[in-house]
Amino acid sequence: MFKYSKLIILGSGPAGYTAAMYTARANLNPLLITGNNIGGQLVNTISIENWPGEYNISGYDLMNKLFKQIKQYKISIINDSITSTNFNTNPFTLYSNNYIYKCNVIIIATGTYPRRLNLISEKNYENKGISTCALCDGNFYKNKIVAIVGGGNTALEEALYLSNIVKKIYIIHRKNKFSAEPIIIDKIIDLIKNNKIIFYKNSILEEVLGNNYIITNIKIKNILDQSITNINIDGLFLAIGHIANTNIFNNQLLLKDNYICTNINKNYKTSTSIPGIFAAGDIVYGNYRQAIIAAGSGCIAALDVINYLNNC
Ligand code: FAD
Ligand code: NAP
């Protein structure tokens, strides 16, 4: 089946929803394709404290509020996921398993997905005790022992959340200090002092072991002295950063480290290497992966599109 809209927005995270709201308010009647992760990365976050105007709101509630807000406007929202694209000619073509979409302008806001360690043993225990989402899976580990790999905001927030559920947490981090926000690190240090969290610094996960059905323990290697420690765990949480959702644009848009390069046309901050295609949010190359920035750049993309269409 075939669908045409002058403007298509890809993604239903803070960037996509905000871009949809601003372009709809300019009567552009956008079509927003949500992707499989409706509401984006934030929906799996238990508590957001740094969204202006809200304190301690769950990611699900925040994105639901934003969804209700954008429903006030003329936006076609389709729960679908794009599997490939053809940007060689305008109108651009986007393919999914359900439709062929055509459009003249696109705002890409497809965000990121959790990185994996890519150990063979990790693959063997996929869905058998390994998770990338404490909020989704934490409850399976009531009074049990878990390990978390990573030392950024996500790893430490997952540790804080799990600390109210599980008996003990091991944090395994390849550096000797965390890179999360200081306010989060302080809370983790208190839990380390109380022995709720055991911190394995300068350490990497070497192997995941189990009984074929479920993981039972992990091997950790200290990268300074090469010593190996074997610990018993019931669950393993990976929080080692994210990879940009750009595989559907490969060889078409200018990318750096898999993220989309923007500001190519200096008149439009969110312009990509193809005129008429704009990008916003976590998918954009740079170091600013925060919800408020994603929303802000969704707004900039919308303003860029409005100006671009006025100048066409
Ligand atoms: P995302 O939120 O990643 O949304 C991407 C959207 O694109 C999704 O809807 C997805 O379904 C869609 N999509 C992907 N592929 C396709 C496709 N092929 N076709 C169509 N659609 C597609 N930031 C904060 O400011 N405060 C916090 O407290 C905070 N907590 C976080 C906690 C965790 C665990 C994580 C992982 C991140 C957190 N962040 C936080 C960062 C924040 O979530 C991101 O910066 C923000 O969600 C990025 O928004 P986005 O719209 O760019 O992309
Ligand atoms: P991140 O900040 O990139 O941190 C990734 C962590 O994983 C780092 O400790 C990194 O170690 C480690 N790592 C990366 N690859 C690894 C590998 N192959 N093996 C072992 N360890 C590896 O990612 P994130 O924590 O998921 O955060 C993503 C973005 O969302 C960030 O911008 C963050 O600020 C934002 N976020 C914000 C909040 C908040 O505001 N409260 C909460 C969550 C997330 P190195 O340091 O050695 O690279």
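Modeller: Let us start with a term: a salt bridge here is a side-chain nitrogen of Lys or Arg within 4 Å of a carboxyl oxygen of Asp or Glu. Please also keep in mind throughout that this is a predicted model.

Biologist: Fine, so how many salt bridges does the count come to by this rule?

Modeller: The count comes to three salt bridges. In one of them the side chains of K65 and E54 meet, with an N to O distance of 2.6 Å. That pair links distant parts of the chain, given that K65 is in helix 2 (residues 59-70) while E54 is in the loop between strand 3 (31-33) and helix 2, 11 residues apart.

Biologist: Let's move to the ligands. Which residues come nearest to ligand 1?

Modeller: There are 33 residues around ligand 1, and of these S12, N37, Q41, N50 and D282 come nearest.

Biologist: And what are the polar atoms doing there?

Modeller: An N or O atom in the side chain of S12 is 2.8 Å from an oxygen atom of ligand 1, and a polar side-chain atom of N50 lies 2.8 Å from a nitrogen atom of the ligand. The backbone takes part in the list as well, in that a polar backbone atom of T110 is 3.4 Å from an oxygen atom of ligand 1.

Biologist: How much of ligand 1 does the protein bury?

Modeller: Taken alone, ligand 1 exposes 1000 Å², and the protein buries 92% of that. The elements that give two or more residues to the shell around ligand 1 are helix 1 (14-25), helix 5 and helix 7 (291-311).

Biologist: How does the shell around ligand 1 divide into nonpolar, polar and charged?

Modeller: It divides into 10 nonpolar, 20 polar and three charged residues.

Biologist: OK, now ligand 2. Which residues come nearest there?

Modeller: Of the 20 residues around ligand 2, the ones that come nearest are N50, T154, E157, R174 and K175. N50 is also among the residues that come nearest to ligand 1.

Biologist: Which side chains have an N or O atom by an oxygen atom of ligand 2?

Modeller: Among them are N153, where the side-chain N or O atom is 2.9 Å from an oxygen atom of ligand 2, and R174, where the distance to an oxygen atom of the ligand is 2.9 Å. For a nitrogen atom of ligand 2, there is an N or O atom in the side chain of E157 at 2.8 Å. Taken alone, ligand 2 exposes 910 Å², of which the protein buries 73%.

Biologist: Which element gives the largest share of the shell around ligand 2?

Modeller: Helix 5 (residues 153-163) gives the largest share, with three residues. By class, the shell around ligand 2 has four nonpolar, 10 polar and six charged residues.

Biologist: Switching to the sheets: is the pairing in the five-strand one parallel or antiparallel?

Modeller: The pairing is parallel, and the five strands form an open sheet in the order 10-17-11-12-13. Its edge strands are strand 10 (130-131) and strand 13 (197-200), each of which pairs on one side only. Within the sheet, five bridges join strand 11 (residues 145-149) to strand 12 (residues 168-172), and I148 stands opposite I171 in strand 12.

Biologist: And the sheet of three strands, what is its order?

Modeller: The order is 14-15-16, in an open sheet with antiparallel pairing. The edge strands are strand 14 (203-210) and strand 16 (228-232), each pairing on one side only, and the twist averages 25 degrees from one strand to the next. Strand 15 (residues 215-222) and strand 16 pair over five bridges, with I218 standing opposite I231 in strand 16.

Biologist: Last topic, the backbone. Where is the cis peptide bond?

Modeller: The cis peptide bond joins N90 and P91, with omega about 10 degrees, and P91 lies in the loop between strand 5 (82-86) and strand 6 (92-96).

Key. Residues are numbered from 1 along each chain as its sequence is written. Chains are lettered from A and ligands numbered from 1 in the order in which they are written. This is a predicted model: local features need pLDDT of at least 70, side-chain atom pairs count only at pLDDT 80 or more; totals for chains, interfaces and linings use all residues. Side-chain values use heavy atoms; hydrogens and water are left out. A residue is near a molecule or strand if one of its heavy atoms lies within 4 Å of it. A polar contact is a pair of N or O atoms within 3.5 Å; within protein, one must be able to donate a hydrogen and the other to accept it, and residues adjacent in sequence count only if both atoms are side-chain atoms. Accessible areas come from the Shrake-Rupley method with a 1.4 Å probe; for residues, only the protein chains shown count as cover. Helices (H or I, at least four residues) and strands (E, at least two) are DSSP runs, numbered from the N terminus. Ala, Val, Leu, Ile, Met, Phe, Trp, Tyr, Cys and Pro count as nonpolar, Asp, Glu, Lys and Arg as charged, and the others, Gly among them, as polar. Two strands pair if DSSP finds at least two bridges between them. Axes are lines fitted to C-alpha atoms, for helices over the stretch in contact, and angles run from 0 to 180 degrees between N-to-C directions.
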